[in-house]
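Please keep the sequence and the structure in view while reading.

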Amino acid sequence: MTTAQKETLGFQTEVKQMLHLMIHSLYSNKEIFLRELISNASDACDKLRFEALNNADLFESDGDIKVKISHDADAGTVTIADNGIGMNRDEVIENLGTIAKSGTSAFLEKMTGDEQKDSQLIGQFGVGFYSSFIVADKVEVHTRRAGESAEDGIRWTSEGEGDFTIEGDAKATRGTTIVLHLKKDEAEFADSTRLRHLVTKYADHIAIPVEMIKEAEPVEGEDAPAAEEEWEAVNSAKALWTRSKSEIEDEEYQEFYKHIAHDYEDSLSWSHNKVEGKLEYTSLLYVPKRPPFDLWNREGARGLKLYVQRVFIMDDAEQFLPPYLRFIKGVVDSNDLPLNVSREILQDNGNISSMRSALTKRILDMLKKMAKNKPEEYKTFWEGFGQVLKEGPADDFANKEKIAELFRFSSTKGDDDAQVVSLDDYLERAQDDQDKIYYLTAENYLTGSRSPHLEVFRKKGIEVLLLTDRVDEWMISHLSEFKGKTFEDITKGELNLDDEASKKELEEAQEKHADLVERIKAKLADKVEDVRLTNRLTDSPACLVVGKEDMGMQMRRMLEAAGQALPEAKRILEVNTDHPLIAKMDSQSDEDRFSEMVEVIYEQAQLAEGSQLQDPAGYVERMNKLLLSLLEG
Ligand code: ADP
Ligand code: MG
């Protein structure tokens, strides 16, 4: 029999780091331990109900599911007991000895050692069971899995200092009992009034009754009777989403969010809806404040918590959300799905796809409202999740315009890199006859905002969006237009601003400088596709453009970074004959000198757009030679 064996095991390294951080950084918000433990107890009860759908024996003649909280002021203990699913030995070790969450190591890597900063990080991670050690210097977990025999009970004990012991200890009733031995300074928690207050604050939204011992009414003239213990529910024990919106406080919504999302911070916004008709369901959807660590991990947990007729069915039901909304947390409770619904059934159920499109619309509307009414919150949202949302147009053709309304960019109208310009803002400011949305892609804001390509747009007062996300060019290629206006990359193709005067001017210049263009072209024959005069530039001598249908530089960099081998890109050099350097080159009769100048101008055009030179040392050499000739005059 292995159950009697007592073993001491070490926590996973990450747990130790986590515990240390927790104990030292959450002292200002100690009471949350109770929320976390009740949240776990409630999850355990949900799991029991779910497993019992197929195996009613798991109830062990006690179908009355609840959580009980008690205390002993003399001993300095608080006890949280549930009759949920419980854990077997392996589960105890797995769940209470390691951090199984994906992204943990990414989380820990981000830790700086600066406690102030790290305590904010922990908020993004969720705190969970280990928060017990904020107030306790010893924690005992006595548990038995539902359906197993009493002798299979397990006792886990730890002082939170690197290791825990585990031993067999019979337990007659299923479920988990957690005893917190409070630290001396935290004895205040072993108090009925305090605990009741915390339960109403943190557990009112929980669908399972959380009970405490009824306070004995003092009877006058008599000593307090040693009355039999009588338990009463302290919370309202009604699933939050089943209550009507008007009677739910914001705080309750936020508490519920923290419970289902395992988040420590408030959400940014939520949307709660009951749908009646052909399909009946209730949804409660939340936008978190910060991205989880596994937002980019394809295997990461995502999706909604699914209930069928108020019975918990599964976590992370991803079928209810399109991938580009994978950051949304929440609950969907259906009246129409069968209780034995599985992931496979969800996959190809027509009702699910109509629910998904309805939920998608709700979320897009909620985000739109947030953008309009709570711009500060929206800014936080955009910083955290904008990149994911940009997958939208490629993912969800039907909603691409609604999605695009939510996008924010920086533009030439702003004077910093803040991404605050919406496409609607852009169109509102656009010139009357402007039928395009002009944009430029760049590695970063500084390079983009100083690009020579912008010169003529600045001169004419036309706004240009500055797109600096790696995914932008790819995203725009799927969006292709917005409210009837097409997108135009200002570094692609010939610039056509429909301006007769400048067209004519360009034609005249072309005639006048035809020889110069040919001369330059001859020097760069193996480097560029073509050389031509430009009407894009006012201040710079030259810039590079790609053909209308060619891949832009950002897309190229993205694909190359992903390891794709691409054919070499030959571009078009456009030169500005209004620039004195170009104008005077015509008179340069020394062929070598002319050659060097052409080379340098070509290289400068690459530098100005933020590209890497093929031969940087060669450029330095050429520049120095030219500088020297200046000194030698
Ligand atoms: P989370 O709740 O985010 O999964 P926790 O640290 O709160 O993380 O809990 C870790 C795991 O321990 C839970 O996922 C669950 O499997 C297990 N656990 C915790 N408390 C209980 C309980 N009262 N009954 C059964 N299992 C529990
Ligand atoms: Mg938890």
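L389 is in contact with Y324, L325, F327, L367, F381, W382, I403, L406 and F407, leaving aside residues up to four places away in sequence. The model is a predicted one.

**Helix α7**

- Helix α7 covers residues 192-203, twelve residues in total, and at 1.5 Å a residue it should span 16 Å. Its end C-alpha atoms are 15 Å apart, which agrees with that expectation.
- The buried residues of α7 are S192, L195, R196, L198, V199, Y202 and A203.
- Viewed down the axis of α7, these buried residues fall within an arc of 165 degrees, so they line one face of the helix.
- In general, an α-helix has 3.6 residues a turn, so residues three or four places apart point the same way.
- The elements that cover the buried residues of α7 include the helices α2 (32-52) and α8 (250-261), together with the strands β2 (67-72), β3 (77-82), β8 (210-213) and β9 (231-233).
- At the start of α7, the backbone nitrogen of T193 has a side-chain oxygen of D191 within 3.2 Å.

**Domains**

- The domain assignment divides the chain into domain 1 (7-219 + 227-236), domain 2 (241-375), domain 3 (407-489) and domain 4 (500-547 + 565-632).
- The centres of domain 3 and domain 4, taken over C-alpha atoms, are separated by 26 Å.
- Seven residues from domain 3 and 13 residues from domain 4 take part in the contact between these two domains.

**A buried histidine**

- H453 is found in the loop that runs between α15 (445-449) and α16 (455-460).
- The relative accessible area of H453 is 2%, and because this is under 20%, the residue counts as buried.
- Leaving aside residues up to four places away in sequence, H453 touches L440, I490, T491, R536, L537, C543, L544 and V545.

Notes: Residues are numbered from 1 along each chain as its sequence is written. Chains are lettered from A and ligands numbered from 1 in the order in which they are written. This is a predicted model: local features need pLDDT of at least 70, side-chain atom pairs count only at pLDDT 80 or more; totals for chains, interfaces and linings use all residues. Side-chain values use heavy atoms; hydrogens and water are left out. Contact means heavy atoms within 4.5 Å. Helices (H or I, at least four residues) and strands (E, at least two) are DSSP runs, numbered from the N terminus. The expected span of a helix is 1.5 Å times one less than its number of residues. Buried means under 20% relative accessible area, exposed over 50%, partly exposed in between (1.4 Å probe, protein chains only). The arc is that of the directions from the helix axis to the C-beta atoms. A polar contact is a pair of N or O atoms within 3.5 Å; within protein, one must be able to donate a hydrogen and the other to accept it, and residues adjacent in sequence count only if both atoms are side-chain atoms. Domain bounds come from an automatic or database domain assignment.
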